[in-house]
Amino acid sequence: MSVVAQHQAPGRRRRSPLPYTWQRGYLLASPALLVMLAILIYPLGYSFIMSFFRWDLSGSAPFIGTGNYTDELFGRQFNQALRNQTIFSVVSITIEVVAGMAIAVLVNGKLRGMRLARTLLLVPPMIAPAVVGLNFRWLFNTQYGLVDALLRMFNLPDIPWLNHPAWALVSVIVADVWQNTPLMVLLFLAGLQSLPQEPLEAATVDGATPWQRFWHIVLPLMRPVIMIALMLRIIDTFRTFDVVWLMTQGGPGGATNLLTVYSYLLAFQAVDFGHAAAVSYIALGMSLFVLALLYGVPWLIAKRRAI
Amino acid sequence: MSGNLSRRKFLAASAAVTAGSLAAPWVARADAKEITALLITGGPLYPKYWEKIVQDFTAKTGIKVRYDLLEFTPLTAKVVTLSAARSSQYDVYSTHTAQIDSYFNHFAPLNSYFSDAELADFYPVAVKYLRDPKTGNLAAIPRNMDARVQYYRSDIYQEKGLKPAETWEELVDVGLKLTGDGHYGLVVPGQGDPAQRTFSDLLWQAGGDWVDQANKPAFNSEAGIKALTFYRDLIQKHKIVPSDAVGYQWNENSTEFSSGTVYATFDWPGAFATLSNPETSRIVGKWSTAPYVRDKAAISCAISHAMALNGQSGRKDPAVEFIKYTVGADAQRLQFDQFTNFPSSQAIAKEVIAAAKGPQATWLQQLETTIANGKEWPKLAGFSKVCTLMFSAIEQALSDQVSPADSLNQAATEAEEIMRRAGAYD
């Protein structure tokens, strides 16, 4: 008699006509699997197929092999979007992780007001990215925005936040950092609070300075949490759309065009689904490649050391 | 019998609900006396307008219309998505001249539903650019005209002894005299489609055009470079336009004028109603209208909001009946009364112009002149994608990233390749 059957009270439930086999497991899971197929796998597969066709509502959709991919990889607009995406991802993730760790260490201390600070940290991640985008659009408006008004108060020159290509990219990075650094803080805070105290106490007894304790003990112990944080942010920055769309729509002149924004413009302005799908898959491939590097390189190093 | 829901009953009920929801669209579709429409909205009055149109249409024909309303940008995105999916969810779409070339294969031709006499009543510029140049098929029928005139602060101009600009030079001169103390002489949009529209007007005024006789890109001609240089200089050199305009679309453009910060702009017919309403304007009674400025020519865009029949529709006849009603005399008069939307029917336009008095009559005359001389960019294969390219090219020049000449030359090379690939020269 199986373990499951032993736990059943005799006579209370009818015995199922199906035996307890792996086929039955799949049968019971099939509704969920079907839903997954319909809403996740099918659109992914369909758009992947679409990326090999000239799919632009012109009636016919001829197969063009990797034409959409090569067009984009050698295209000026794609390369501009790729450059923006790289700067956006690298700069915003670096700031978010470094600032997130620093703030987490700070609020982990037993200082006055830290409980309130931790609560306030929940606010930015709770706000919808579209609202963040709109707020920053107005904050950075040269005529009416608060930021330039403050600069004028101190007799400093106005900064064309959203009108100058370089400042526009800085502005969308600032908005992203504002929204996502608190999330990093919360992740790191949870990690810090679960660290074993013995090594830290031993190091204190041995006369280690706070910086030595952080660098040689806390940071190595926090590595798994940092890796998860990095993974989440890498995936997220390659999906960023709302904030940029509402602040600049990728402008001026494509200066803040990220891969998602460029893909949207191709699909809904240029009505060119084939190229839009190709750009989406290049972006997906890039984020997977970066994640593979992130996890694969340390694994390879560890393996080599073990040999 | 137990009141508890047994697993068998639950599964049976779930199956019934699933089957019912799957069958519902077909059951609904079977009713030939009901059609579906995806219609444009914008502002608080539009829903009431469509409600009245639909009620009147149903009372007259017995055909029910189930409709959804969306603003222009989400509406465009939804029509693109539904067309790509070859959906028959809606029989009728609101559409626009701007992207009509993308739908030539998806909207059913309306030629056979309108007689030559009926078509002759619509403004020729509207009908011309709603046709597929390759097949001659009419992809949509114009519902109201979109053209721009100059709106200026008559009180400030009078105070400073100025007249509204008629030429490009005067636009700069007047703008310089009005700019200062947190105010600007002019506002123009500088982002996306609105930036392309503005460049397009200046291109035609400078004597240029989008393509040459062979349909090859010609917007990088001397006239094109002059137009984009003038456009950029309004913002970057003369500084008579707020620097934030590089990120402005139509809404921001209109708001800058209606809030009183800027003293002149070029705006659509809807602005006449918005600026006259104290709830949406701080300058009620302090503004007037004048013709659009000119350079070598006095040309600007004349486009139209239009109605289209979904090629996948299974109820084409009642759907066309609805389309005809929405572009008919009653609907056009109501549109004008409600939103001052300029009629697409020449007969109705004459009627409203004759009935108008004072500043409204002057404004309508100015609009009609713009429409009579108006143009639109070409509806060639691939031109929608060229537009996306142009947004970026114009914005790059306006924000001083590259020179107007470099920006337009680069865009022209890429545009030719895009149109060649899309079959514009086949």
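At what angle do the axes of helix H14 and helix H15 of chain A cross? Select residues 259–268 of chain A for H14, then residues 273–306 of chain A for H15. The model is predicted. The two axes cross at roughly 165° and come within 7 Å. Angles over 145 degrees count as roughly antiparallel. H14(A) and H15(A) are therefore roughly antiparallel to each other. The crossing of H14(A) past H15(A) is left-handed.

Show the side chains here. On H14(A), pick A:Leu259, A:Tyr262, A:Ser263, A:Leu266 and A:Ala267. They meet A:Phe273, A:His275, A:Ala276, A:Val279, A:Ser280 and A:Ala283 of H15(A). Colour this contact by residue class: eight residues are nonpolar, three are polar and none is charged.

**The annotated segments of chain A**

The UniProt record, an unreviewed entry, places "transmembrane region" at residues 25–49, 87–107, 119–140, 214–232, 244–266 and 278–301 of chain A.

Select residues 87–107 of chain A. This span is 100% helix and 0% strand. Its end C-alpha atoms lie 29 Å apart. Now select residues 214–232 of chain A. Here the chain is 95% helix, with 0% strand. A distance of 23 Å separates the end C-alpha atoms of this span.

**Where chain B touches chain A**

Display both chains. How many residues of chain B are in contact with chain A? There are 27, and they contact 26 residues of chain A. On the chain B side, highlight helix H3 (72–84) and helix H16 (383–398), each of which supplies at least two residues. H16(B) gives the most, with eight residues. By class, the chain B side of this contact has ten nonpolar, 14 polar and three charged residues.

**The two domains of chain B**

Move to the place where the domains touch. Here 16 residues of domain 1 of chain B are in contact with 14 residues of domain 2 of chain B. Which elements give two or more residues to the domain 1 side? Select strand S4 (141–147) and strand S8 (302–309) of chain B. The domain 1 side of this contact has ten nonpolar, four polar and two charged residues.

Methods: Residues numbered from 1 in each chain as written. Chains lettered and ligands numbered in written order. Predicted model: local features only at pLDDT ≥ 70, side-chain atom pairs only at ≥ 80, totals over all residues. Axes fitted to C-alpha atoms, helices over the stretch in contact; angles between N-to-C directions. Helix = DSSP H or I, 4+ residues; strand = E, 2+ residues; numbered from the N terminus. Parallel < 35°, antiparallel > 145°, perpendicular 65-115°, else oblique. Left-handed = near helix turned anticlockwise from the far one by under 90°. Contact = placed C-beta atoms within 7 Å. Nonpolar A, V, L, I, M, F, W, Y, C, P; charged D, E, K, R; others polar. UniProt positions renumbered as here; feature names shortened; annotations may be inferred.
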